[in-house]
Every structure is written in structure tokens, then in C-alpha cells.
Amino acid sequence: MLLAFCSVCTLSLHAQETTLSPLHVEGPFLVDANGVKHNLHGFAQTFSPYFNEKGTQWNDYNVNGCLNYNKGIIDKIMNAGWKMTFVRQHMDPYWSNTPGVSTTGENDISAFDFNRFKTYLDQVFIPMAEYAISKGLYVVMRPPGVCPEKIYVDGEYQDYLLKVWKHVAQQPKLKNNGAVMFELANEPIGIYYKDGTRAGDQEMTEYFQEIVDTIRHYCDNILLIPGLGYQSNYAGFAKYPIKGENIGYAVHCYPGWYNGGHGDDEVVVNYREFKRGWDAQIMPVAVDHPVVVTEMDWAPSKYAPLSWGKSVTGEAGKTGFGANFKRIADETCNVSWLLFTGGDQLAKYDDNAADGQTFLTDPEACPRPCYRWYQYYASQEYADLINQPDYRPELKEEPLFSLTEEFFNPNIWEQGTFDEATGCLKTGKYGFGGWQYPQGVDLSKSKYLVVELHQAQSCGTSFRLFDNNNYWSAPYRSNFDNNQTKMVIDLQKMVAYKDDQCTQFDHNVDPSHIYIVGFWTYGGSPVYIKSVYLSDDGETPSTILQVSDEQCVKEEYYSLNGQRLQRPNKGLNIVKQVLSNGKTIYFKKCYK
């Protein structure tokens, strides 16, 4: 039995015994009993015949067959030289569903049998967790199946998760075990009210808070919270945080996610867009909590179906998914992650084989670069790096309506381009470019929003503001006439319509929580943006002053329309200061 609050987690059930120091959450990091920070790197296992080489290795609810095969996979992976430090283990519904009962997929819980789940938790899932720990692997346990398309507070699926986790949390070999983490659900998509209307961030927190609180009655294990959008949306948790200790977030990441790239067959990933999307959705929680990426892989499409993600390794800072994912995870500095490639493939890897055109030898597919990156992550050099006292994630705060390539996103919908030197925006066909505020921004303290163009446009430009964090919700729209170069929007009188003709009323737009702002066009022709700014009189920018006692360690300058300057202009400028506590502030200052 593993004891609560033990200083080491040891299992002596196997000939080869490994000791793990139990983990807990301390600030934004996973920290062991000795105070050492850990970023974990690993792989995933699913305990069903289909996902164990498509039923060729065992079947017919053969417990010994399942255990022998999956223990063997762990051994082979470790013997191949992989420097693994954790494994995500799926308590697959193959074991807990009533045999012979038809379902529509893993999101269908109609065949779930709680007694079967209890039986095979004892016979399969706990023994596999024990074996992994004995081999030096921390364990993330995932509940059976995946979330349905719509989840509801107090709904059937929440009841199901509560029942599963209430039982798991009471098991002596799992509870208070610092080597075992619980990933509370797999890939929620959308959250709704019981009447079928869409709910939001507050309800998402309420949904998982109840599960957290239930588990906390029985144990203190690290809990990993999933986000909406198949585990890609987390900014709402910064606004409505999950309460409690030992909380982290379980993230999924594939090529093209986080607005990081496009492609029908193989995704072309752009670093700048990928980083912008990651910063918007992951960084708001990463600044205070550890992040564990529990699904991620990539390979050129010719290697399908060995990889879910279709892209190439590429080059960090340029194009390609793999190298850019590693760079972004490393720079975030508290991200653990795994390779979702099947364990049978990882077990076959041979790093002595020459580069080639196979899944396991092609440097543009995930196994080869990940194997070598894992070697570095296992080094003392890397351990020393993440254990530096000042090593922690930093969330950038950006000036509102900054017309810089760093902050202005021309690809919110469809592929566009933006040139900060000229303010030239070219959207894709029926595209949209502008600014996104995943936690919402409060514009209600100003009376007007002023939008200015350098010259008249000819591409049907419409300026839009969304008070829902959903591009497909109804926004406030204001259309530029062909000769118009300035627009003054009364923020207190904005109305959203369901259609482009503004004939079907939807709701009054609330300026106190705006999530998306920007320009819609037909595409093909440019829009030359001069400035976008808040104003109290419709003519001059509002004055915003923020002060701090912290020491400034870096200073940047912007014009009033948000353009980056090498040095301040004469007159009023926006000043960005990075402070000694890691925070960033913005204020206006007049220079002579």
C-alpha cells in the first residue's frame, strides 16, 4: 500500500524496483518532495485490443494477456533507450462497458457498467499503474472514453465522471499517491445549459469544480483539468479559476491548433501564429499552474495512420509543427508533454539506424526528433535550467489595438497578411483580422471607439466587436462606406444582429467584456489601417495611467495608434515597461 504524504513512492512487486519522489504543485511547477522542479516527458497507453496493435495481441477480456502485453511495451520502450518519465494510461471503456451492448462511440456511456469498472480497475488499471511506477514513470490516469459533444452542469456525463472519480479517489493504492495524477476528462467540446443554449467559461469552471471538490473529500492527488475545444481553450480558467491545491491543466496540441497553421492534407504551421494562439489560450493558466500536454504528435501525411497530426518537424521559429511546439513548450518553461505515437512503434525505435524515409527514421516525423530531445530533457543541464529561482512562465500583456505584427492577427478567420510599417491588412476571402482577448477586455469606461483608415477602402470592410468568445456568435457591425476613412462607435449603444444586413436583432453588445475586435473584408483588396483607439470625445485618445513601485528592466515605445517606435516621438506616447517582478504595464507619457 502507498502511504499518504510519503517521502518516496516505492513498489517492490517486481524484480527491478525504482523509487520516485512524490510530486505536488508548487506555484506553476510540478515539484518533488526534495523541492526539485520537474517537467515530465512520456508516452501514452490504452488498454484495449484495438489500440494494442488492432486486436492481434490479445482479446476476449483476457486480463493476463492485456497486462503481459502492456507491461512488455513499457519494458521495450525503456530498453530502446527512451528517456521516459511519465505515462498517460487510459482506463478504456472496453473493460467497463457491458459486452455485446452497441454504442455510438466512446462518448456514449449508455453501456457503462459500474461494477465492471470497479472489477477491472482492480485487475487491470491499478496493476498497470503500479508497474509503470516501478519502472520510474509517473502516471496520469484518464477516465473511460471521451466527452460527448455537449456537456451540461448537473448533466448525465458529469454524474458519470463524479461516480468514476469518487471511486478511484478512495482506492488505497492510488489515493494521496504522489506518483499518480488524475486527468478529469478527455476532450470536452462545448458546455451548455440544460435548455440547450450554449453556456460559457463560468459554467465550465463550475462543472469541473464539483468534480475537484468531490475528489478532495478522499485524496490530495494532482488533478489535471481539461479545457473546451478538445482541450485547447483555457483562457476562461484564468477569469474563473478552479479553486484548490494541486491543480494543473491537461492540454492537447496538434498541427493547426491554436490558429497555428492551415492545410487540407498536411498542415503548414507558422511559428508566429502558433505562438500567438498558444499565448492566448494556454499562457493565462500556465503563469500560475503546471501544464501537461497529454496528446501531441505529428508526421508527414504519407505516414498515416501512424500519427494523428499531419505536419513536419520543420525549423523552430519558422515553419513546421514539431520544432515549433518544442520551442513554445520550452519557452513557457513549465510544460510537461508526451508523444501520442503508439507504444508498439516507440518500442521498435532504433536511434542507430540512419535517417530514412520511414516513420521511425524520418527526421520530419515525430519519433526521431523526440527521442533525441528526450535525451536532453533527462540531462543534468536541463534539470539545472528549470530549477533556476527565476525560471517561470511570463504572460505578456499587450496594448489595446496595437498595430504591430506581434499583436495584430490577420488570420482570425481565413489566411491574411498584415504589414505594420504601412498598416496594410489583406484578409483571405471573407476573412477577418484584428485582436483577440481570451479573458475579455473592459471597454465600458470609455464612451467611444474610433477607427481610422489611411485611405478609402474598396473591399466591403466591416468593423466588428464580439462580446462572446466565439467568432461565430453575433457581433456588433459597422460598415465603412466607399469614401469613409473614419468611424466613431458609441460603445454604449452597440447592437448585435444575426445577419449581415442588420435586420435580425440578436442582443445588445456589452462593452465590459469584449473578446474579439477587428476588420472583416471580402478579401483581395487591402485595407490601410491608421489607428484604433478609445476616446471620451470621439476625437482624442483616452488617457490611461498605470503606475508601479517595481523597478523597470525594459522599456518600449508606441505611437498612440499602437505602432512600435524605435524611440519616443515628441508629444504623447504609449510606454510599455517590463518590471522586475515579471509583470508588464502600459501608460501614456508626454516627451518634449
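The model is predicted. The chain contains 13 helices and 33 strands. Its radius of gyration is 26 Å, close to the 25 Å that the globule rule gives for 592 residues, so the chain is as compact as a globular protein of that length.

**Overall dimensions and burial**

- The C-alpha trace of the protein chain spans about 75 × 55 × 50 Å along its principal axes.
- Of the 592 residues in the chain, 57% count as buried.

**Salt bridges**

- Searching the whole structure gives 17 salt bridges.
- One of them joins the side chains of Glu273 and Arg276, with an N to O distance of 2.8 Å. Both residues belong to helix H8 (residues 271-281), where they stand three residues apart, about one turn of the helix. Glu273 and Arg276 are both buried.
- Another salt bridge brings together the side chains of Asp355 and Arg368, at 2.8 Å from N to O. Asp355 is in the loop between helix H11 (343-347) and helix H12 (367-377), while Arg368 is in helix H12, so this pair ties together parts that are 13 residues apart in sequence. Arg368 has a relative accessible area of 1%; it is counted as buried because this value is under 20%.
- The side chains of Glu539 and Lys486 also meet in a salt bridge, at 3.1 Å from N to O. Glu539 sits in the loop between strand E29 (527-535) and strand E30 (552-558), and Lys486 sits in strand E25 (residues 486-490); the pair therefore ties together parts that are 53 residues apart in sequence.
- Glu539 counts as exposed, at 52% relative accessibility, whereas Lys486, at 29%, counts as partly exposed.
- Arg88, Glu183 and Glu295 are linked in a network of salt bridges.

**The negative surface patch**

- Helix H5 gives the most, with three residues.

Notes. Residues numbered from 1 in each chain as written. Predicted model: local features only at pLDDT ≥ 70, side-chain atom pairs only at ≥ 80, totals over all residues. Heavy atoms only, no water. Helix = DSSP H or I, 4+ residues; strand = E, 2+ residues; numbered from the N terminus. Rg over C-alpha atoms; globule rule 2.2 N^0.38 Å. Buried < 20%, exposed > 50% of the residue type's maximum accessible area, 1.4 Å probe, protein only. Salt bridge = Lys/Arg side-chain N within 4 Å of Asp/Glu carboxyl O.
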